[in-house]
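Subject: Structure handover

Hello,

Here is the structure you are taking over from me. My notes on what was found in it follow below.

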Amino acid sequence: MINSDLIAEANEPVLANLKADYDALGEHLDRRGIDIGAIKSMVGTHGVAVPSWGVGTGGTRFARFPGAGEPRDIFDKMDDCGVIHQLTRATPSVSLHIPWDAQPAADLNGKAEEVGLTFDAMNSNTFQDQPDQTHSYKFGSLSHTDAATRQQAVDHNIACIELGQQIGSKALTIWVGDGSNFPGQTNLTKQFERYLEAASQVYGALPDDWTLLTEHKMYEPAFYSTVVQDWGTNLLIAQQMGEKAKCLVDLGHHAPNVNIEMIVARLMQFGKLGGFHFNDSKYGDDDLDTGSVDPYRLFLVFNELVEAEADPELNPMHMLDQSHNVTDPIESLMVSATEVQRARAQALLVDRAALAGFQDENDALMATATLKQGFRTDVEPILAMARFESGAAIDPVATYRASGYRAHVAGERPAVNGAGGGIV
Ligand SMILES: [Mn+2]
């Protein structure tokens, strides 16, 4: 972890400017009838989970270029996640990936307490084979033609739930790579029937206070068809399973130009939006840093979420899901967590009464201008002040760089392969 004196030292020289910027923004928002303090407290309590696999350097199917001091195991990963939360106060939980992060519950709980984190959704892995595994997932897992292979995948998901129960998790996320690579390779209907039958066994093992999140993705690794390819299929699954089953929307798992905010609105309307994987994309499932390519789309997603925030039943889980190929993952995750907060703060600034009025009057120009006013407002002073007041860094990246954390852990962590941060 980073010495709190160092954070205070880094904050000291930039605090006066922050206060001036915060006061100026406060005056501006006051003229718009918005209390900056209320927005700040709503942003300050808003957290997003860090994926354990995100703190290792990612890669593509061509290559991976490891960074210095990469985490060797889940305990190193949790140290890194702890630093991200320490400097941002925006990432209070970590989402584990099993079996990459499988360790005795007592050890995981001890580490979580040490670094001040909790555990978010558990993620199962039936998209690759493990060394000790009996049946291969080469041709699928929950939807495999072979009953024993399907059962192995079901058992793995149930084991994820059981470990999750011991560490305070309340959700299981299932994403399968099942599909086909050639027309005719699989019977599309029968394959989905097999998936539903297997998934309902997992659902049957779900504790009452848990949520089953199923994640759709249009293509890859299957390149002709995918069993859970879009939000329509995902909704069918959630409806078929029952009340505890909801859909997870990964922002990168859609065809280019799909109106994701509309999918969000639809799923919320029917109580089936369970969670998000935030990232950004340009061409496909690029797993780029959240808000790095299309921050307006992120804002539009949050506009729908804020619109529905009054209903606590809706409250979807928020997670990052990114692959960092050319940056220090800790820096990328800090910035991305901040981008999630930024989009939400901007959405909170939208004058909803005015917007509803323009919508009712069919004043398209004023409606879109009202919406965009939120996006155009630079909310950085709100985010930075929320961080400062909670003991985090006004400038997380600068403070992190000044701390020398990466160089320090590089000395302690010899380079290893296959720590589970790799190509995801
Ligand atoms: Mn995802």
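Asp287 is buried, as 23 other C-beta atoms lie within 10 Å of its own. Please keep in mind that this is a predicted model. Asp287 has a positive phi of about 55 degrees, although it is not a glycine. Its place in the chain is the loop between β10 and α9.

Arg89 is the other residue to look at here. It is not a glycine, yet its phi is positive, at about 55 degrees. Arg89 lies in the loop between α3 (74-88) and β2. How many other C-beta atoms lie within 10 Å of Arg89? There are 23, and the cut-off for a buried residue is 20 or more, so Arg89 counts as buried.

**Cis peptide bonds**

Ile98 and Pro99 are joined by a cis peptide bond with omega at about 15 degrees. Pro99 sits in the loop that runs between β2 (93-95) and α4 (105-115). From Glu220 to Pro221 the peptide bond is also cis, and omega there is near 10 degrees. Pro221 belongs to the loop between β7 (211-215) and β8 (225-226).

Strand β5 (residues 171-174) runs parallel to β7, and four bridges join them. In this pair, Leu172 stands opposite Leu212 of β7.

β7 in turn pairs with β9 in the parallel sense, over four bridges. Here Thr214 has Cys247 of β9 as its bridge partner. Five of the five residues of β7 are buried, so this strand is largely enclosed by the rest of the structure. Which way do the side chains of β7 point? Thr211, Leu213 and Glu215 point one way, while Leu212 and Thr214 point the other way, and all are buried.

Strand β9 (residues 245-250) is joined to β10 by four bridges, and the two run parallel. Val249 stands opposite Phe276 in β10. Together with helix α8 (residues 260-269), β9 and β10 make a right-handed β-α-β unit.

Strand β10 (residues 273-278) has six of its six residues buried, so it is largely enclosed by the rest of the structure. β10 also pairs with strand β11 (residues 317-320), in the parallel sense and over four bridges. Phe278 has Leu320 of β11 as its bridge partner. With helix α9 (residues 295-307) between them in the unit's make-up, β10 and β11 form a right-handed β-α-β unit. The loop that holds Asp287 lies between β10 and α9.

**The three-stranded sheet**

There is also an open sheet of three strands, in the order β1-β2-β3, with parallel pairing. Its edge strands are β1 (50-51) and β3 (118-119), each of which pairs on one side only. β1 and β2 pair over two bridges, in the parallel sense. Val50 has Val94 of β2 as its bridge partner.

**The nonpolar core**

The largest nonpolar core has 98 residues, and Ile84, Met122, Leu172, Val249 and Ile382 touch the most other members. Which helix gives the most to this core? Helix α10 (residues 329-348) does, with nine residues.

Two of these names have come up already: Leu172 is the residue opposite Leu212 in β7, and Val249 is the one opposite Phe276 in β10. As for Ile84, leaving out residues up to four places away in sequence, it touches Val50, Thr91, Ile330, Leu333, Met334 and Ala337. Val50 is the residue whose bridge partner is Val94 in β2.

**Helix α2**

In helix α2 (residues 36-44), the buried residues are Ile36, Ile39, Lys40 and Val43. Why do they line one face of the helix? Seen down the axis of α2, they fall within an arc of 100 degrees, so they line one face. On the face turned away from the buried side, α2 carries the exposed residues Gly37 and Ala38. The buried residues of α2 are covered by elements including α1 (4-31), α10 and α13 (380-389).

Regards

How values were computed: Residues are numbered from 1 along each chain as its sequence is written. This is a predicted model: local features need pLDDT of at least 70, side-chain atom pairs count only at pLDDT 80 or more; totals for chains, interfaces and linings use all residues. A nonpolar core is a set of buried Ala, Val, Leu, Ile, Met, Phe, Trp, Tyr and Cys residues joined through C-beta atoms within 7 Å. A residue is buried if 20 or more other C-beta atoms lie within 10 Å of its own, exposed if 12 or fewer, and partly exposed in between; C-beta atoms are placed from the backbone. Two residues are in contact if their C-beta atoms, placed from the backbone, lie within 7 Å. The arc is that of the directions from the helix axis to the C-beta atoms. Two strands pair if DSSP finds at least two bridges between them. A crossover is right-handed if, with the strands pointing away from the viewer, the path from the first strand over the helix to the second runs clockwise.
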